Amino acid sequence: MKALIVDDNEIARTTLAHLAKQIPNLTIVNEYSNAIEAYNHLQTNHVDLIFLDIEMPEMTGIELTKNLSGKDVIIIFTSSNKEYALEAFELNIADYILKPVMPARFLQAVSKAQSIFESKKEDVEVTKDEFLFVRDSNITRRLKLDDIFYAEAMGDYVKFYTREKMFAIHGKMKTAEERLPKDAFIRVHRSYIVSVGKIDTLQDGGIMINGKFIPVADAYRKALNARMNVF
């Protein structure tokens, strides 16, 4: 795994870097003393994992995590204050380590991150030639991923839209997000995942795909603009 360390405390950065060197297959590619520099790095570079302090000037670790919504990156928070733990875990982070970081606790957190990383490998390696099986009435059909324009949550179902037809499967949006390859699809709303290559226009409040207006929630807007290279 490729990782960043983001912490305004030099001693904390040194400690994490030292612990990381002892773990095979974990490489620290850079260290930053503030979240804004890390954010700028992540606009043009991919990492798998971030060791992220919370209380930093200008932009906190929690704010950075929210700004990275939609990016395929694993977060481990490091903090001397436990009061942020509840808010942090609501952001679907891998772990929350209290400072000072002890070696055993560090290994435990990295092990969690490694498990998440390994579970994502299949999603990352999905190609456009692959497909989903979806139920159409009483028939289960093979649906090419490249034919999907967008997915929409509707109660206990997820609807997949192609140019010609809609297919519905029983399941949750989270499952659909995990199954669709992240290099081709992006979450733009709690109810919508879209194919990046099928986006026709971006406009105030949403996007157009195949004549359909799809809303873009504020929480996902920055990630979408970064993905689409919007300046």
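**Labels and their grounds**

Reply: Start with Ser-195, which sits in strand β12, residues 192-195. Keep in mind that the model is predicted.

Me: Why is Ser-195 called buried?

Reply: Buried means under 20% relative accessible area. Ser-195 has 6% relative accessibility, so Ser-195 counts as buried.

Me: Which residues is Ser-195 in contact with, leaving aside neighbours within four places in sequence?

Reply: Ile-148, Phe-149, Ala-184, Phe-185 and Ile-209.

Me: What makes Asp-7 and Lys-99 a salt bridge?

Reply: The cut-off is 4 Å between a side-chain nitrogen of Lys or Arg and a carboxyl oxygen of Asp or Glu. In the pair of Asp-7 and Lys-99, the closest N and O atoms are 2.6 Å apart. The pair therefore meets the rule. Asp-7 is in the loop between β1 (2-6) and α1 (10-21), and Lys-99 is in the loop between β5 (95-98) and α5 (103-124). The two are 92 residues apart, and the pair links distant parts of the chain.

Me: Are the two partners, Asp-7 and Lys-99, buried or partly exposed?

Reply: Asp-7 has a relative accessible area of 0%, so Asp-7 is buried. Lys-99 has 24%, so Lys-99 is partly exposed.

Me: What else forms a salt bridge with Lys-99?

Reply: Asp-53 does, with the closest N and O atoms 3.3 Å apart. That value is also within 4 Å, so the label holds. Asp-53 lies in strand β3 (residues 49-53) and Lys-99 in the loop between β5 and α5, so the pair ties together parts that are 46 residues apart in sequence. Asp-53 is buried because its relative accessible area is 5%.

Me: What makes Asp-7, Asp-53 and Lys-99 a network?

Reply: Salt bridges link the three residues. Lys-99 pairs with Asp-7, and Lys-99 pairs with Asp-53.

Me: How many salt bridges does the structure hold?

Reply: Nine. One of the salt bridges joins Arg-187 and Glu-177, whose closest N and O atoms are 2.7 Å apart. Arg-187 is in strand β11 (residues 185-189), and Glu-177 is in helix α6 (residues 173-179). They are ten residues apart. Arg-187 is buried because its relative accessible area is 12%. Glu-177 has 31%, so Glu-177 is partly exposed.

Me: Why does the phi of Asn-25 deserve a remark?

Reply: Most residues other than glycine have a negative phi. Asn-25 is not a glycine, yet its phi is positive, about 65°. Asn-25 lies in the loop between α1 and β2 (27-32). Its relative accessible area is 63%, so Asn-25 is exposed; the exposed class needs over 50%.

Asn-210 also has a positive phi, near 50°. Asn-210 is in the loop between β14 (206-209) and β15 (212-215). Asn-210 has a relative accessible area of 36%, so Asn-210 is partly exposed.

Me: Why is Leu-49 called buried?

Reply: Leu-49 has 0% relative accessibility, so Leu-49 counts as buried. Leu-49 is found in strand β3. Beyond residues up to four places away in sequence, Leu-49 touches Met-1, Lys-2, Ala-3, Leu-4, Leu-26, Val-73, Ile-74, Ile-76 and Ala-113. Ala-113 is 64 residues from Leu-49 along the chain, and their C-alpha atoms are separated by 7.5 Å.

Me: How do you know that domain 1 and domain 2 are in contact?

Reply: Seven residues of domain 1 are in contact with six residues of domain 2. Contact here means heavy atoms within 4.5 Å. Domain 1 covers 2-122, and domain 2 covers 131-228. Their centres, taken over C-alpha atoms, are 29 Å apart.

Me: What makes up the interface of domain 1 and domain 2?

Reply: The two domains bury about 570 Å² between them, with 52% of it on carbon and sulfur atoms. One residue pair is in polar contact, both residues at pLDDT 80 or more. On the side of domain 1 that touches domain 2, α2 (35-44) and α3 (61-67) are the elements that give two or more residues. That side has one nonpolar, four polar and two charged residues.

Notes: Residues numbered from 1 in each chain as written. Predicted model: local features only at pLDDT ≥ 70, side-chain atom pairs only at ≥ 80, totals over all residues. Heavy atoms only, no water. Helix = DSSP H or I, 4+ residues; strand = E, 2+ residues; numbered from the N terminus. Buried < 20%, exposed > 50% of the residue type's maximum accessible area, 1.4 Å probe, protein only. Domains from an automatic or database assignment. Buried area = accessible area lost by both parts, 1.4 Å probe. Polar contact = N/O pair within 3.5 Å; in protein donor to acceptor, adjacent residues only side chain to side chain. Nonpolar A, V, L, I, M, F, W, Y, C, P; charged D, E, K, R; others polar.
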